[in-house]
Amino acid sequence: MDTILDAPAGASAAWRLADAACEAAGIRIVAAHDADAARRVSDAMGEIWGWKQPQFDTPLAVALAHSGGYVATVEQPDGTVVGAAMGFCGPPGRAFHSHILGLLPSAVGRGIGRAVKLAQRAWCLERGIDTMTWTFDPLVARNAFFNLRRLGATAAEYLPDFYGSMTDRVNAGQHTDRVLMRWDLRTRPPAATRPEPRLDGAHPAVADLDGAPSTYARPGTAATALVAVPGDIEGLRRTDPETARRWRQQTRTALTDLLGSGWRVVDFARPAAAGGMYVLTNTAPEKDPR
């Protein structure tokens, strides 16, 4: 395994990696230390998620930053804010939790998300923190690809309706199922180019049937299982909410069953003709036939 030194000794190397990624993406990350900077964070998040009312206001941002949390804007060289991030630490020995990281649509697909995550990683290692967690909607294929393949994080747990009902533009009117990701910060992130996973003989636990999900089928004795997700769940929610709900139902059933019975997510494949597929392997010990 290609690893950096244990935290905080590996922080310098982590910062070099993060700084190079920020330079390549054409952004800088500005920590919020006062009310004016915190207001820029809150305003950016409101624009990204379309909050009807502030859910992360300026006083909370100030308090979080002052108490040692992570509060920052993502800015272009001219000072234009294109994103924001916020996270906090639990009791000693617990992971840093990256609660919110959002980018404006114009900033997506430019390597900015990876740069911000690498900067958070360096920030953590500098403070002796070697694990980061966050949640994401498992139906969003691009985020699954980013988390599993670009960062090399691990899917630790499936959390049905984790946040309850939400009213923002992105989450309103849907179940807020999330996958909890866990990232070992001591391990160097994977290279940008990796071979696609081998899927020969894999069992389609949930398949993409011309844009609709198949009914979940348990893998049986297969060693590898695939759980498909749509290519554009956000668009599907607007144009065909019933099919979007079916995707949620079938993937929830599949991932809760598999992750709860000895399977683990090891990769995410993105065939050209589909949104993507979680690749899972069975890690449960074989039962003694006697």
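# Close-up views of a predicted model

**View 1. The largest nonpolar core has 67 residues.** Inside this core, the residues with the most contacts are I27, I112, M181, W183, V227, Y278 and L280. A nonpolar core here is a set of buried Ala, Val, Leu, Ile, Met, Phe, Trp, Tyr and Cys residues joined through side-chain atoms within 4.5 Å. Buried means under 20% relative accessible area, exposed means over 50%, and partly exposed is in between (1.4 Å probe, protein chains only). Helix α4 (residues 112–126) gives the core its largest share, nine residues. Helices (H or I, at least four residues) and strands (E, at least two) are DSSP runs, numbered from the N terminus. Apart from this core lies another, of 16 residues, including A37, A61, V71 and A84.

A word on reading these views: this is a predicted model, in which local features need pLDDT of at least 70 and side-chain atom pairs count only at pLDDT 80 or more, while totals for chains, interfaces and linings use all residues. Residues are numbered from 1 along each chain as its sequence is written, and side-chain values use heavy atoms, with hydrogens and water left out.

**View 2. I27 sits in the loop between α1 (11–25) and β1 (28–31).** Is I27 buried or exposed? With a relative accessible area of 8%, I27 is buried. Look for E75 too: I27 and E75 are 48 residues apart in sequence, yet their C-alpha atoms are 5.5 Å apart in space. Leaving aside neighbours within four places in sequence, I27 is in contact (heavy atoms within 4.5 Å) with C22, V74, E75, V82, I112 and A115.

**View 3. W134 and W183 form an edge-to-face pair.** By the rule used here, the model has five aromatic pairs. Their ring centres are 5.9 Å apart and their planes lie at 90 degrees, so W134 and W183 count as edge-to-face. Rings of Phe, Tyr and Trp (its six-membered ring) pair if their centres lie within 6.5 Å; planes under 30 degrees apart count as stacked, over 60 as edge-to-face and the rest as tilted. W134 belongs to strand β5 and W183 to strand β7 (residues 178–184), so this pair ties together parts that are 49 residues apart in sequence. Both W134 and W183 are buried. Beyond four places in sequence, W183 has contacts with residues including K117, L118, R121, M132, W134, L151 and P189.

**View 4. F268 meets Y278 edge-to-face.** The ring centres of F268 and Y278 are 5.0 Å apart, with their planes at 75 degrees. F268 is buried at 0% relative accessibility, and Y278 is buried at 3%. Elsewhere, ring pairs link Y70, F96 and W123 into a cluster.

**View 5. Two charged residues sit over aromatic rings.** K117 lies over the face of W134, 4.5 Å from the ring centre. The charged end of R270 sits over the ring of F145, at 5.5 Å from its centre. To count, NZ of Lys or CZ of Arg must be within 6 Å of the ring centre and within 35 degrees of the ring normal.

**View 6. D137 makes a polar contact with R237.** D137 lies in the loop between β5 (131–136) and α5 (141–150) and counts as buried at 8% relative accessibility. The side chains of D137 and R237 meet at 2.8 Å. A polar contact is a pair of N or O atoms within 3.5 Å; within protein, one must be able to donate a hydrogen and the other to accept it, and residues adjacent in sequence count only if both atoms are side-chain atoms. Not counting residues up to four places away in sequence, D137 touches Q174, D177, R178, R237 and R248.

View 7. The structure holds zero disulfides (a disulfide being a pair of cysteine sulfur atoms within 2.5 Å). C89 is partly exposed at 38% relative accessibility, whereas C124 is buried at 0%.
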